[in-house]
Amino acid sequence: MNAIECRNLTKAYQGFTLDELTFSLPAGCILGLVGENGAGKSTTLKLLMNAIPRDGGEISILGTDNRSPDFLRTKEDIGVVLDEACFPEIITPRELGKIMGFTYANWDQAQYENYLTRFRIPPDKKFKEFSRGMKMKLAIAVALSHHARLLLLDEATSGLDPMVRDEILDVFNDFTRDENHTVVLSSHIVSDLEKICDYIAFLHHGRLVLFEEKDRLLEEYALIKLTADQLSELDPAAVARKKITAYGAEALVRRNLIPAHFTTERTNLEDIILFLAQEGGAEQ
């Protein structure tokens, strides 16, 4: 079963258009949504939740059309964390748990208290006194405590120190050990996505440049440094992107199409994304 299905999803603002976004995400996976500021990541997440109206296309979330009356019930199965946790400043985690008990039919107070303990969140401290990291951990604790099957996370690790980020990424990994659980994580921190994601979606100026399994991307592409003459020897189909300077050339290539004597550089996901972003996408 696919947790998310999008077909020709379109949303237009003045000066920006999310252009016919199409992808399917299997249940039990973590999707990393990456792109520059203004690429359409937050717009995509809002459209998935039907928080803003779309101009065209279709969206199915956990098997339900997100504009159907049944989607109100499906929302019980979705946990959402935005880039800023929006709880009343004077509320405490203990008080918040009581409120959430009236908000979600499947609220699990015991699980919530376990997350407060795991994240070392003081139950009686006011929200306004929390650091950004503690605020985000509280938002994640809430999202994980009503038996959600899908997490939608918009820059949930942005601005956090590396130790806190690793702790939260471990939680997301644990969450998807259940094959019915799925995560969509929007982030500028590509190294985080490389650690935990099964799929990568790269948005560039409102267009989906690629949607691919992470491991396949890392297997398919490599960076090589070479001279202009060496670059001219390569099969054009092997070169996804190239950069020529006065000192030589660097190319993002398809591993299976380059001669064996060419030496590839150590290549990570961020290298691939940055190269593809230079001209808006991979050459076919």
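In what follows, Ala, Val, Leu, Ile, Met, Phe, Trp, Tyr, Cys and Pro count as nonpolar, Asp, Glu, Lys and Arg as charged, and the others, Gly among them, as polar. The structure above is a predicted model, in which local features need pLDDT of at least 70, side-chain atom pairs count only at pLDDT 80 or more, and totals for chains, interfaces and linings use all residues. Residues are numbered from 1 along each chain as its sequence is written, and side-chain values use heavy atoms, without hydrogens or water.

I begin with strand β7, residues 150–154; strands (E, at least two residues) and helices (H or I, at least four) are DSSP runs numbered from the N terminus. Five of the five residues of β7 are buried, that is, under 20% relative accessible area with a 1.4 Å probe, protein chains only. Leu150, Leu152 and Asp154 point one way, and Leu151 and Leu153 the other. In a regular strand, side chains alternate between the two faces of the sheet.

Next, the neighbours of β7. Strands pair if DSSP finds at least two bridges between them. Strand β6 (residues 78–81) runs parallel to β7, joined by four bridges, with isoleucine 78 opposite leucine 150. Five bridges join β7 to the parallel strand β8, residues 182–186, where valine 184 is the bridge partner of leucine 152.

Which residues lie nearest the centre of the largest pocket? They are Gly79, Val80, Val81, Leu82 and Tyr104, among 24 lining residues. Elements giving two or more residues to this lining include β6 and β7, and β6 gives the most, with four. By class, the lining has 17 nonpolar, three polar and four charged residues. A pocket here is an open set of points on a 1 Å grid over the protein atoms alone, where a 1.4 Å probe fits, with protein on both sides within 12 Å along at least five of seven lines; lining residues have an atom within 4 Å of a point.

Technical notes: Buried means under 20% relative accessible area, exposed over 50%, partly exposed in between (1.4 Å probe, protein chains only).
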